[in-house]
Structure formats: C-alpha cells, structure tokens
Amino acid sequence: MNAMKYAIAASLLATAPLAAAQQLSIATGGTGGVYYPLGGGLAEMINKHIEGASAVAEVTGASVENMGLVWRGDSDLALALADTVYQAYNGTGDFEGRQLDNIRALASVYPNAVQLVTLADSDVHTLEDLRGKRVSVGAPGSGTELNARALLEANGITYDDFTPQRLNFNETADAIRDGDIDAGFWSVGPPTSSILNLATTRDIRLVGLSEEEVANAREVEPVFAPYDLRAGMYDGMDEAVHTISIPNVLAVSSEMDEELAYQITKLIFENTDELIAVHPAANDTTVEFSIDSTPIPFHAGALRYYEEIGVEVQDHQRP
C-alpha cells in the first residue's frame with residue numbers, strides 16, 4: 001500500500017510542472033498587427049499538441065510592455081522585437097537602469113523587414129535618391145520610424161535631407177498611390193497587406209540596399225540582420241530585393257519549466273505549417289533563421305531542442 005502511495009505521489013510530482021503551467025498567457029500586440037494572429041495560432045497549437053497545457057493570446061502594447069509582462073510573470077510567453085529583447089536583457093535603451101536578466105528566447109520566429117517602396121516610374125532607386133524628396137518614415141515612435149532613422153543616419157542621411165512624413169502603413173500606401181509622397185518605409189513581417197493592396201492599384205518598385213549600406217546599418221544597430229525579400233512577393237516584383245530585417249523573438253522567463261520550453265520549441269519547428277496557415281510571415285520560421293538572428297541566450301529547454309537536432313548555437317545564445 002505504501003509503495004502504491006509512493007508511486008502515485010511520484011507520478012504526480014513528475015507531471016507537476018506542466019500541470020502548474022496549464023494556463024499559459026501569450027503576450028502579443030494590437031489586433032491589426034502580425035503578433036496577435038501569430039500568438040493566437042501558437043496558442044491553438046499548444047492547446048492541440050501539448051498535453052496538460054492550454055494557452056491564450058492576449059492583446060497588449062507590444063514589445064516593450066511584453067518584456068515587463070514576462071519579467072513579472074504576468075505572461076508566460078511574449079513576442080517582441082529583437083532590439084527591445086536585447087535592451088531588456090542587457091539593461092540598455094528603454095531598459096536603462098532596469099535590467100530584466102531573466103528574459104530568455106525560445107526562437108526568433110520571423111523578421112520585420114525594412115521595405116522601402118516607391119512607384120515604378122519614380123526616380124528613387126537608392127537611399128541617396130531620397131534626398132530632397134517627401135518620404136514617410138512610419139508612425140511617430142513606431143518600430144518602422146526607429147528602424148528607418150537608424151538605417152538612414154548610419155548611411156549619412158538625416159531628416160534635414162528630405163521632408164519626413166510620419167504616416168502609418170495604410171496612410172503611407174495611400175500617400176504613395178495619390179502622389180503625395182515619393183517613397184515610404186515599412187518595417188513589418190512581409191508580405192504586408194497595405195503594400196499588397198497598393199501593388200494592385202499602382203505599379204510599384206521596392207528599393208534595395210547595397211552590401212555597404214547593410215553593413216553600415218549593422219554597425220549602428222547590432223540586431224539588424226541581412227534579408228532578401230523574395231521575387232514575386234508583390235505584384236511586379238521580378239527579382240529578390242536585398243534589405244535589412246529585425247527579428248521578432250518569442251521570449252519567456254528563465255523560470256519556465258525546462259520540459260515545457262522544450263516542447264513548445266519543438267512544436268514551433270515541427271508544426272510550422274500550422275503557423276504559416278495563420279500568417280505567411282511564418283514562412284521565415286526556421287531553425288536557421290532562429291540561430292542566425294536571436295540576440296540573447298536561449299532558454300535551457302530550447303537549447304536542448306537545438307542540440308538534439310544537431311545545430312550549433314552561437315556563444316552569446318548560451319546563458
């Protein structure tokens with residue numbers, strides 16, 4: 001009888017971590033972005049495939065807020081831009097003086113690609129051609145504006161060199177279509193609906209970056225990664241366009257149960273088709289992208305998965 005009781009107690013202990021993690025909260029962003037549908041897709045996958053765990057996607061103020069939610073334990077998983085994750089882990093930038101050193105990554109799931117769009121018949125062919133033009137740099141304080149400013153300034157172009165317009169994605173598309181501006185920046189998971197829609201009403205061209213411009217940008221912002229927008233992504237786009245991207249990281253606390261972190265990481269990479277069905281940005285959800293792009297240490301459970309499949313993680317990705 002005592003042996004039976006012991007066996008039951010031991011089995012309860014063995015399943016305790018997942019039982020304790022039954023209700024998982026995934027911090028995402030606003031309903032109009034990529035984070036919310038992708039987080040919802042991940043929640044469905046967890047509910048379907050991971051026994052003893054259920055998850056729900058929460059609407060939040062996105063990257064900066066999400067780091068605080070994970071750090072405090074108010075959310076279990078969070079999507080956030082790599083620069084925000086990097087600053088939170090290191091106590092720099094927005095997190096100056098309040099380092100969140102328990103932040104870990106499971107994976108980088110897709111990039112926000114910097115997409116510079118103009119009309120096909122415009123004379124904007126390079127970054128340098130933006131001088132003297134009317135250019136949308138994104139909504140005030142948005143990730144797009146931060147990325148556009150960093151890219152331009154790294155290549156010797158300031159807001160004094162052109163007429164900046166701070167427009168959101170839909171406003172930027174409308175302004176290009178109507179001829180109110182010459183070009184506009186997007187920093188978002190490609191393909192994005194506002195550019196897709198613009199390309200159906202106007203002939204557009206995406207402006208590529210040179211290797212030197214990419215290198216200059218990466219010197220200023222280490223989390224920038226080179227990225228090729230694939231041919232055919234938008235109507236009239238006959239060849240790939242070289243640009244930069246900022247990875248979007250799926251972050252958790254170092255306190256997350258190792259087995260749960262392992263199972264979620266495995267789920268993401270072995271059932272990626274389920275995420276792609278939710279949003280095409282997940283076409284970039286690959287182990288290679290994750291290893292190339294993640295700027296902070298992986299959680300021990302994620303490391304276990306990467307080591308199990310035989311990939312070499314970078315030194316800075318180990319706690």
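A: What follows covers a helix, a cavity and some aromatic rings in this predicted model.

Q: How many residues does helix H9 have, and what does it reach from its first C-alpha to its last?
A: H9 runs over residues 258-270, which is 13 residues, and reaches 18 Å, close to the 18 Å expected at 1.5 Å a residue.

Q: What caps its N-terminal end?
A: Asp257 does, with a side-chain oxygen 3.3 Å from the backbone nitrogen of Glu259.

Q: Which residues in H9 are buried?
A: Leu260, Ala261, Tyr262, Ile264, Thr265, Leu267, Ile268 and Phe269.

Q: Which residues line it?
A: Ile268 of H9 is one of the lining residues, and the others are Leu38, Leu42, Leu79, Val109, Leu250 and Leu275. By class, the lining has seven nonpolar, no polar and no charged residues.

Q: And the aromatics, how many pairs?
A: The count comes to seven aromatic pairs. Phe269 and Tyr305 are stacked, because their ring centres are 6.2 Å apart and their planes are at 10°. The pair links distant parts of the chain, Phe269 in H9 and Tyr305 in helix H12 (residues 300-308), 36 residues apart.

Q: Why does Phe269 count as buried?
A: Its relative accessibility is 12%, and the cut-off for buried is under 20%. Tyr305, at 3%, also counts as buried.

Q: Which residues form the aromatic cluster?
A: Tyr262, Phe269, Phe298, Tyr305 and Tyr306 form one cluster.

Technical notes
Residues are numbered from 1 along each chain as its sequence is written. This is a predicted model: local features need pLDDT of at least 70, side-chain atom pairs count only at pLDDT 80 or more; totals for chains, interfaces and linings use all residues. Side-chain values use heavy atoms; hydrogens and water are left out. Helices (H or I, at least four residues) and strands (E, at least two) are DSSP runs, numbered from the N terminus. The expected span of a helix is 1.5 Å times one less than its number of residues. Buried means under 20% relative accessible area, exposed over 50%, partly exposed in between (1.4 Å probe, protein chains only). A polar contact is a pair of N or O atoms within 3.5 Å; within protein, one must be able to donate a hydrogen and the other to accept it, and residues adjacent in sequence count only if both atoms are side-chain atoms. On a 1 Å grid over the protein atoms alone, a cavity is a set of points where a 1.4 Å probe fits but cannot get out, and a pocket is an open set with protein on both sides within 12 Å along at least five of seven lines; lining residues have an atom within 4 Å of a point. Ala, Val, Leu, Ile, Met, Phe, Trp, Tyr, Cys and Pro count as nonpolar, Asp, Glu, Lys and Arg as charged, and the others, Gly among them, as polar. Rings of Phe, Tyr and Trp (its six-membered ring) pair if their centres lie within 6.5 Å; planes under 30 degrees apart count as stacked, over 60 as edge-to-face and the rest as tilted.
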